[in-house]
Amino acid sequence: MAAINNVVDLSRDGDIAVVTVNSPPVNALSADVRDGLAGAFAAIAGDTGVKAAVLVCAGRTFIAGADISEFGKPPRGAALPAVQDAMESSPVPVIAAIHGTALGGGLEVALCAHYRVSDAKAKFGLPEVKLGLLPGAGGTQRLPRIVGAKKATEMVTSGAQMNAEDALASGLVDEVVDGDLTAGAIAFARRVVAEKRPLKKVRDDASKLGGTAKSLAPFFAEFRKANAKAFKGFDAPEANIKCIEAAVALPFDEGLKVERAEFMKLMTGLQSAAQRHVFFAERAAAKIDGLPADVQPLPVKKVGVIGAGTMGGGISMNFLSVGIPVTIVEMKQEALDRGVSIIRKNYENSAKKGRFSMDEVEARMGRLTPTLNMDDLADCDLIIEAVFENMAIKKDIFGKLDKIAKPGAILASNTSYLDVDEIASATSRPEYVLGMHYFSPANVMRLLEVVRGAKTDPQVLATAMAVGKQTGKIAVVAGVCHGFIGNRMLARRQQQANALLLEGAAPADIDRVLTDFGFPMGPFQMSDLAGLDIGWNAETSKGETVRDRLCEAGLRGQKNGKGFYVYDENRNRTPNPEALAIIDAYAAEKGINRRTIDDQEILERCLFPMVNEGARILAEGKAQRASDIDIVWINGYGWPVYRGGPMFWAEKDVGRERIIEVLEKMGEEVSPVLKNGWKA
Ligand code: T1G
């Protein structure tokens, strides 16, 4: 084995050359890897003793793409197209041997081999669209030449991965190897040589595109129409489609030029910078600053959930779905039965959609133990309380749990804003208490705010974070404060939205400005969906707020078809003149001069105070890093991923100066962290 450089080795198995990439963690196409590959294939081209070459990767995966951390930096090392040309124009057959995930540039490199083999678990994809990009190394021109233009369009606009079975069926791989992959690839290479098989260049075979520009035009038109809602706001999907259209309409090298041009437009755009920021921010969120390296998560083999309502049921499903048994507790049999039946119905619906079998439904339900007796939680490793938001009730429950739960059990509250330290004070083991704030529907929403109490033990925190990852959540550490990270900032937006309402902006205008910005829903649509009477009490209501007045007038939102909007039987909404009249009257009563407010003011007043609150949260250490705040808002509150999150947007899109200027005009006290800038 001869090292070409620190990450690429070249060895021989008789007359078969083996190029091995070994660049943990995911063999990304860094400058060193590109240099190593260029060197290896140059050596192979110059060695007449070599009859074929196998490209394989060490570690957990084949090349998982270009090295994203190099983007935006001055280019170094061999250019990827040069490496690909060296492979494609190799004088001997090149076989790519794939395991793990061949993604992005990794698959594009494999598509420049003359043959591809893989193990049975390998996955294949071009996920660049998730980074606001497109496959910029020939993937949009070569992939359709193998799987057809239609399949390629789906793959590059969704970023979805293809499994080995489908890859073999579609011709993406030529063989799925049993046993040792490298040995299987070398054997395959020997057969290619022995049978004098051609050096198949994907670029030269357009026979599988599946149609012409004319015959496929209806497909592309229908595809755009069918995905218009999903692609709204994103630049990358359309650019990807354009490249596949070019692959169908143009010769290979012309199509490559279109790909290059579209790629550079996206690469230099803010959306891709935002989505790349989010890629690394998601991974950074899992890290706990200052956690000693030797702190390992505690085992969580059995979970208890208190409360079988909407949140308790959804939380339980997260564990049942990954094989962890759950004991769920309720006060009354009827509530328990209702909770369990909703869990079953949700699973049965997923089975009907073909996500898994009815056997799997039974297996998951088989892991659920409903009970009316909290003592049945005595052997749980983690207990999550998900009952009504009332401090006295929660402290009572934690006091009882303190006596029931085994030593070392973690006690978590799903409170969405109450003081976790006060809840912990109801126990003799505050170091084992923290918050695990799920978002509704808890079995769907990816975000989990893990609230670190003043006395929470680092190992307990690490365990909750690990449990979050294990159950498919993006866990973010938050400190104890009112509303933690997300709800605390949301309150600032709602405050301004309510003020704008009185000053003259219509609910529909405010909602439109925020949905045009990219949020799935505006604040007043959300209020109508959640129900205007959440936390409202008819007996004590004195018409002090607009919401009181709306509720006193019988408006409840979607649940009774009238709130800020009136809703028809298909839930289509139109502004509710009754609500507008109530708002008018309230504003007049308060002597507020109403005026026309433009969209920019609406947007800035709704979002800038949020950013300021985010800066305060950082200043108080209630969030570890600004990118965590971005992850909270993208995964819990519908902030558009192509805008990178509120803190990224503030820094990279709007600029802190503009925000400070507007906040000062609004009479807001500007956080020093906003003035001085924050750790990303
Ligand atoms: N570049 C740089 N670092 C990467 C990386 C990449 N492509 N992929 C992963 N990492 C780092 C990641 O930050 C983390 O670091 C560690 O590896 C483990 O990752 C020209 C333009 C491969 C499925 O989009 O989807 O090719 O946090 O925690 O859950 O057309 O990583 O430990 O310091 O995610 O097992 C296209 C991106 C690039 C694939 C593994 N490729 N990666 O998941 O581990 S653009 C992608 C993934 C491109 C060309 C274009 C996943 C994974 P740290 P991890 P995992």
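This is a predicted model: local features need pLDDT of at least 70, side-chain atom pairs count only at pLDDT 80 or more; totals for chains, interfaces and linings use all residues.

**The whole chain**

The cartoon comprises 28 helices and 20 strands. The radius of gyration is 29 Å, close to the 26 Å that the globule rule gives for 680 residues, so the chain is as compact as a globular protein of that length.

Of the 680 residues, 53% count as buried.

**The ligand and its shell**

Select the ligand and display the residues around it. Which residues are the closest to the ligand? They are Gly105, Glu108, Glu128, Arg283 and Lys287, within a surrounding set of 26 residues. Colouring this shell by class gives 15 nonpolar, five polar and six charged residues.

A polar backbone atom of Gly105 is 2.8 Å from an oxygen atom of the ligand. At Gly136, a polar backbone atom is 2.9 Å from a ligand oxygen atom. For Arg283, a polar side-chain atom lies 2.7 Å from an oxygen atom of the ligand. On its own, the ligand has 990 Å² of accessible area, of which the protein covers 75%.

Now highlight the secondary structure elements that contribute to the shell. Strand 6 (101-103), helix 3 (105-110) and helix 12 (270-285) each supply at least two of its residues. The largest share, three residues, comes from helix 12.

**Gly255 in helix 11**

Move to helix 11, residues 252-267, and select Gly255 within it. Is Gly255 buried or exposed? Its relative accessible area is 0%, so Gly255 is buried. Leaving aside neighbours within four places in sequence, Gly255 is in contact with Gln141, Ala246 and Leu250. A C-alpha to C-alpha distance drawn from Gly255 to Cys243 reads 7.0 Å, for two residues that are 12 apart in sequence.

**Backbone features in loops**

Most residues other than glycine have a negative phi, and most peptide bonds are trans. The remaining stops concern departures from that pattern.

Select the loop between strand 3 (16-21) and helix 1 (31-45), where Pro25 is found. A cis peptide bond joins Pro24 and Pro25, with omega at about 5 degrees. The loop between strand 3 and helix 1 also holds Asn27. Asn27 has a positive phi of about 50 degrees, although it is not a glycine. At 2% relative accessibility, Asn27 counts as buried.

Proceed to the loop between strand 16 (433-438) and strand 17 (447-452), which contains Pro441. The peptide bond from Ser440 to Pro441 is cis, and its omega is near -5 degrees.

Finish at the loop between strand 18 (474-479) and helix 19 (486-503), where Phe484 lies. Phe484 is not a glycine, yet it has a positive phi of about 50 degrees. With 0% relative accessibility, Phe484 counts as buried.

Key:
Residues are numbered from 1 along each chain as its sequence is written. Side-chain values use heavy atoms; hydrogens and water are left out. A residue is near a molecule or strand if one of its heavy atoms lies within 4 Å of it. A polar contact is a pair of N or O atoms within 3.5 Å; within protein, one must be able to donate a hydrogen and the other to accept it, and residues adjacent in sequence count only if both atoms are side-chain atoms. Accessible areas come from the Shrake-Rupley method with a 1.4 Å probe; for residues, only the protein chains shown count as cover. Helices (H or I, at least four residues) and strands (E, at least two) are DSSP runs, numbered from the N terminus. Ala, Val, Leu, Ile, Met, Phe, Trp, Tyr, Cys and Pro count as nonpolar, Asp, Glu, Lys and Arg as charged, and the others, Gly among them, as polar. The radius of gyration is taken over C-alpha atoms; the globule rule is 2.2 Å times the number of residues to the power 0.38. Buried means under 20% relative accessible area, exposed over 50%, partly exposed in between (1.4 Å probe, protein chains only). Contact means heavy atoms within 4.5 Å.
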